[in-house]
Amino acid sequence: MTEIDYKNTESYQKGLEYFLSKYEPHHIEILNKLYAFSPALADVVVSFGLCDIWLNKTAQLTDREKEIAVLASLVTSGTVHKEIKAHAQCLLNKGMSKEQIKELLVLLTLYIGVPKVILASQLIDEAFIEYDRSNARS
């Protein structure tokens, strides 16, 4: 059985370019590890998730609006800590201030409860620190 080289498809390249435009540079390791584990699974995330859904099928939403929705959803689940941190950093990269992200947590408290927001606040504070460190080096 011949393995498909997804990395050379147009949709993978577009999805990867989009990924690099929004995430902190060290997050590319996640995609590289995923591709090493399963090229087909990485293709679903990059070609379908990033290219098809994020770029093509939600074009009427700004990146900032998408990131707010995603971060709120992740905070609500409270289960994907690395993703919460990564998307908080994406919001910073898209021009949202730390104070605005904190206000988002205040709003979410009404709908999801204090324990989940406290956990998220700790993760987001770590994300802020990591973001500041990586941008201080730039």
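View 1. Lys22 counts as buried, at 1% relative accessibility. The model shown here, as in every view below, is predicted. The partner of Lys22 in a salt bridge is Glu67, and their closest N and O atoms are 2.1 Å apart. Lys22 belongs to helix α1 and Glu67 to helix α4 (residues 63–77), so the pair ties together parts that are 45 residues apart in sequence. Glu67 is buried too, because its relative accessible area is 1%, under the 20% limit.

View 2. Glu10 is exposed, with 57% relative accessibility. Lys14 is partly exposed, with a relative accessible area of 42%.

**View 3. Lys94 and Asp63, a salt bridge between a loop and a helix.** The side chains of Lys94 and Asp63 form a salt bridge of 3.3 Å, N to O. This pair links distant parts of the chain, 31 residues apart: Lys94 is in the loop between α5 and α6 (98–112), and Asp63 is in helix α4. Lys94 is partly exposed, at 26% relative accessibility. Asp63 also counts as partly exposed, at 22%.

**View 4. Lys85, Glu126 and Glu130, a salt-bridge network.** Salt bridges link Lys85, Glu126 and Glu130 in a network. Across the structure there are eight salt bridges.

**View 5. His81 and its contacts.** His81 is placed in helix α5, which covers residues 81–93. Leaving aside residues up to four places away in sequence, His81 touches Leu119 and Leu123. His81 is partly exposed, since its relative accessible area of 34% falls between the 20% and 50% limits. Ser11 lies 70 residues from His81 in sequence. In space, the two C-alpha atoms are 28 Å apart.

**View 6. A nonpolar patch on the surface.** The patch is formed by Phe37, Leu41, Val44, Val45, Phe48 and Ile53. Together these residues have about 550 Å² of accessible area. Helix α3 (residues 39–57) supplies the largest share of the patch, five residues. Phe37 is placed in helix α2 (residues 28–37). Phe37 is exposed, because its relative accessible area of 68% is over the 50% limit.

**View 7. The largest pocket and its lining.** The largest pocket holds about 250 Å³ of space. Its lining is made up of 14 residues. Nearest the centre of the pocket are Phe19, Tyr23, Val45, Leu50 and Glu83. Helices α2, α3 and α5 each give at least two residues to the lining. The most comes from α3, with four residues. Val45 links this view to the previous one: it is part of the nonpolar patch, and it is among the lining residues nearest the pocket centre.

Conventions
Residues numbered from 1 in each chain as written. Predicted model: local features only at pLDDT ≥ 70, side-chain atom pairs only at ≥ 80, totals over all residues. Heavy atoms only, no water. Buried < 20%, exposed > 50% of the residue type's maximum accessible area, 1.4 Å probe, protein only. Contact = heavy atoms within 4.5 Å. Patch = residues over 30% accessible without salt bridge, like charges linked within 9 Å, V, L, I, M, F, W, Y side chains within 5 Å. Areas by Shrake-Rupley, 256 points an atom, 1.4 Å probe, with all protein chains shown as cover. Salt bridge = Lys/Arg side-chain N within 4 Å of Asp/Glu carboxyl O. 1 Å grid on protein atoms, 1.4 Å probe; cavity = no way out; pocket = protein on both sides within 12 Å on 5 of 7 lines; lining within 4 Å. Points joined across faces, edges and corners; volume = space filled by probe spheres on them.
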